Amino acid sequence: VANRRLPRASETRWNFKSRLVKTVWENYNLLMEVFQLILEQSNWDKDTTRDAKGYLNFLMSFENIILLAIFCKIFEKTDILFKILQTKATDTVYCCKKVNEFCELFDSWRSDNDFDCLYNTAKVKNTNVEPFYKQRRSEKTPTAYEFYHRLYFRILDSVIEQLKFRFSDMKHLGFIKLVDVTNFPFFSRSF
């Protein structure tokens with residue numbers, strides 16, 4: 001029916017996971033249709049039917065939909081950063097600059113307008129916006145909007161902090177530029 005394949009998630013390459021998230025997000029309606037078709041037809045084996053029901057339930061969960069929307073947006077940018085870091089690894093000054101730019105970008109997303117856009121996009125895919133979480137008895141029950149708003153900001157804060165932490169020592173690696181063969185003509189004149 002779909003005439004496409006989902007990319008496999010790799011244990012060692014996080015950028016393949018971003019491709020999977022993007023593919024699921026972009027083909028959401030088609031995937032829903034495929035899994036529904038499997039459930040409606042009786043010629044599928046029990047394992048396939050069980051898996052289709054599980055995937056359909058996953059895709060129908062508003063929490064999963066909004067997480068797909070959030071991470072698709074984040075991965076769209078982190079994939080760019082990943083390519084920059086892979087191709088410019090010896091230019092640590094440039095890489096540090098790019099990491100900082102991406103942190104600033106993610107920080108700029110910490111706005112109610114950005115969240116509202118994602119929230120409304122997720123609501124188009126699924127109008128059942130009840131949060132799935134366990135609440136402590138002493139806590140006031142947040143609305144679904146408040147719950148996912150907080151979750152969105154926590155995810156962005158975590159991404160920003162992880163980027164800063166992971167690349168905090170990169171500025172001390174300027175000497176790596178010495179092994180970049182494209183700089184040899186410059187070095188031959190300078191040394």
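Modeller: Of the 191 residues in the chain, 35% are buried. Here buried means under 20% relative accessible area, exposed means over 50%, and partly exposed is in between, with a 1.4 Å probe and protein chains only. This is a predicted model, in which local features need pLDDT of at least 70 and side-chain atom pairs count only at pLDDT 80 or more, while totals for chains, interfaces and linings use all residues. Residues are numbered from 1 along each chain as its sequence is written, and side-chain values use heavy atoms, with hydrogens and water left out.

Biologist: What makes up the secondary structure of the chain?

Modeller: The chain has eight helices and zero strands, and from the N terminus its elements run α-α-α-α-α-α-α-α. Helices (H or I, at least four residues) and strands (E, at least two) are DSSP runs, numbered from the N terminus.

Biologist: Why is α4 called roughly antiparallel to α5?

Modeller: The axes of α4 (residues 62-87) and α5 (residues 92-108) come within 10 Å and cross at roughly 175 degrees. Axes are lines fitted to C-alpha atoms, for helices over the stretch in contact, and angles run from 0 to 180 degrees between N-to-C directions. Angles under 35 degrees count as roughly parallel, over 145 as roughly antiparallel, 65 to 115 as roughly perpendicular and the rest as oblique. The crossing angle therefore makes α4 roughly antiparallel to α5.

Biologist: Which residues make the contact of α4 with α5?

Modeller: On α4 they are I74, K77, T78, I80, L81, I84 and L85, and on α5 they are Y94, C95, K98, V99, F102, L105 and F106. Contact means heavy atoms within 4.5 Å. By class, this contact has 11 nonpolar, one polar and two charged residues. Ala, Val, Leu, Ile, Met, Phe, Trp, Tyr, Cys and Pro count as nonpolar, Asp, Glu, Lys and Arg as charged, and the others, Gly among them, as polar.

Biologist: Why is T78 called buried?

Modeller: T78, in helix α4, has a relative accessible area of 11% and is therefore buried. The C-alpha atoms of T78 and V159 are 9.8 Å apart in space, although the two residues are 81 apart in sequence.

Biologist: How many residues does the largest nonpolar core have?

Modeller: The largest nonpolar core has 44 residues, and those with the most contacts inside it are F35, L59, I66, I74, F106, Y148 and Y152. Such a core is a set of buried Ala, Val, Leu, Ile, Met, Phe, Trp, Tyr and Cys residues joined through side-chain atoms within 4.5 Å. The elements that give two or more residues to this core are α1 (14-26), α2 (28-40), α3 (46-60), α4, α5, α6 (112-125) and α7 (144-166). Helix α4 gives the most, with 12 residues.

Biologist: How many disulfides are there, and why is C96 called buried?

Modeller: A disulfide is a pair of cysteine sulfur atoms within 2.5 Å, and the count by this rule is zero. C96 lies in helix α5 and has 15% relative accessibility, so C96 counts as buried. C72, with a relative accessible area of 13%, is buried, and C103, at 5%, counts as buried.

Biologist: Why does D112 count as partly exposed, and what of N126?

Modeller: D112, in helix α6, has 43% relative accessibility and therefore counts as partly exposed. Leaving aside neighbours within four places in sequence, D112 is in contact with H149 and F153. The C-alpha atoms of D112 and F153 are separated by 9.6 Å, the residues being 41 apart along the chain. N126, in the loop between α6 and α7, has 11% relative accessibility, so N126 counts as buried. With neighbours within four places in sequence left aside, N126 is in contact with M60, S61, F62 and I65.
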